[in-house]
Structure formats: C-alpha cells, structure tokens
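Reader: Hello! Could you walk me through this structure, one question at a time?

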Amino acid sequence: NLHNAVNTSGQLDPEAIAQVIENSGAEIVAMQEVSRGWLTWGGMDMLSWLANRLNMYYVWGPTADPQWGNAVFSKYPIESYELGDLPPEDVLLLRGYISAEIDLGADSLQVIATHFVHREEQGPERLQQSSAILSAWNQEERTIFMGDLNALPDAEEVALLIENGLIDISREIGEQPVYTYYADHPDHQIDYIFVSPDLGYSDFEVLQSSASDHLPLVATIYLNP
C-alpha cells in the first residue's frame, strides 16, 4: 500500500517508494492507493512516474474514481488483464481488483491484486470481497494473490480464502508475529501474499521502510517447486 507516496513524516516522496521496490529485487509488484492526480497529494501521476522510473510493464485498476486505485507492475510482459469491481456498491471508497496474466516465456502466471474496505466494523463487507476474489481466482493454477485486506490473520475473511485453497505465505513461513502496519510502530498484519497450492515459495520477508504507512512484503515464488 503506497499511501499515495506519502511517507511516515507526511511528505510526498515517490523516490523512496521506487527505491524500496528497486532494492527489493521484486519482479512483480502489487500496489494499492496509487494516485494519478488527486490534488490532496500534490496532483502527481504516481502510476506513470513509477512505471518510467522502474522501467516496468503495468496494469492500472481505478476503483474509487479514475484517479485512484490499484496497480500491478511487472518486469515481464503482461499478456492480458481483467478489472473487476468488489461488492458492496454503497461504500465510501469503491474497491476493485486486477487479474493480470504475466508472460514468463515458457509459462504464464496469474496475478490478482486488490484492496479491501478499511473500517474495522466492515468484516461482513470484506467477506463478500473475499468471495469475489475466490470467484476471480476460480482455482486456477500458477496464481499469486496479493493485497491490503484490512483484516487480521484470524479474521473470517482471511480464513475463507485459506479454507478454499489459497496459501498465506506469511502464515506458513513468516517469522511470527508478522506485522505490516503502522510502518513506524507496526503491531498488526493487514497485508498479504497468497499463492495457489501448486506453487512453491521461500524467502518471505517484511521490509522495514518509512516510505509508506504500510510495510511491504516480499517472497520468492517457484513455478515448479
């Protein structure tokens, strides 16, 4: 979650975001709270700026309005993508997801990225959103699902994903407890990387950074474990 490129000191600092991504060595990145010109955050088009700065392919998924939403960045070509709305329709900031097919050469990879509603009392709405993500996944192999779910690891909306076959890498190999928020003084987890059961994974890490109010997660994924 990029927090509109505003760091923990309240300063607009997109270069710090770029450096975190660059230094992580990440080849595929899911992003939330990407602003393309909200005047509240200085009117900057973060999407174009980061794509040029990092020299990566990208998919843009607007949600609340055409200037704010999710993105997937990739070092590999993006074959195709679909954008979907998440229920319900009567929330303050509408939510959605991106499902992108990444061309790895001999193989392809489905990457789903999203950002669930954020209020603590919106567990029922997040359950609906988890169900929508499961439908988008449709039990396809070679799938990575990433995002800010605004839900704790023991929440029903997270349990629903796991019960239906997605693997929470942080739960499996993360050093417990895994904390991703608030970046300066993290004390709980709301950000996740899931994979379909056919994929392998290792090297899970929560990176320490003040570039956003969330801490980023990284992992190595294997197509043929």
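**Helix, pocket and rings**

Author: Gladly. In α1, the buried residues are P14, A16, I17, A18 and I21. Please keep in mind that this is a predicted model.

Reader: Which elements do the buried residues of α1 pack against?

Author: Among these buried residues are I17 and I21. An α-helix has 3.6 residues a turn, so residues three or four places apart point the same way. The partners that the buried residues of α1 pack against are β1 and α2 (46-54).

Reader: Which element gives the most to the lining of the largest pocket?

Author: The largest pocket holds about 910 Å³ of space. It is lined by 39 residues, and those closest to its centre are A26, I28, V29, M146 and L217. At least two lining residues come from each of α1 (14-24), β1 (28-35), β7 (143-148), β9 (191-195) and β11 (217-222). The element that gives the most, with 6 residues, is β11.

Reader: Which strands hold Y58 and F73, and which of the two residues is buried?

Author: Y58 lies in β2 (residues 57-65) and F73 in β3 (residues 68-74), so their pair ties together parts that are 15 residues apart in sequence. Y58 has a relative accessible area of 37% and is partly exposed. Buried means under 20%, and at 0% the buried residue is F73.

Reader: What kind of pair do Y181 and Y182 form?

Author: Y181 is partly exposed at 24% relative accessible area, and Y182 is partly exposed at 30%. Their ring centres lie 5.7 Å apart with the planes at 90 degrees, so the pair is edge-to-face.

Reader: Over which ring does the charged end of R36 sit?

Author: The charged end of R36 lies 5.4 Å from the centre of a ring. That ring belongs to W60.

Definitions and conventions
Residues numbered from 1 in each chain as written. Predicted model: local features only at pLDDT ≥ 70, side-chain atom pairs only at ≥ 80, totals over all residues. Heavy atoms only, no water. Helix = DSSP H or I, 4+ residues; strand = E, 2+ residues; numbered from the N terminus. Buried < 20%, exposed > 50% of the residue type's maximum accessible area, 1.4 Å probe, protein only. Phe/Tyr/Trp six-rings, centres within 6.5 Å; stacked < 30°, edge-to-face > 60°. Lys NZ or Arg CZ within 6 Å of the ring centre and 35° of its normal. 1 Å grid on protein atoms, 1.4 Å probe; cavity = no way out; pocket = protein on both sides within 12 Å on 5 of 7 lines; lining within 4 Å. Points joined across faces, edges and corners; volume = space filled by probe spheres on them. Contact = heavy atoms within 4.5 Å.
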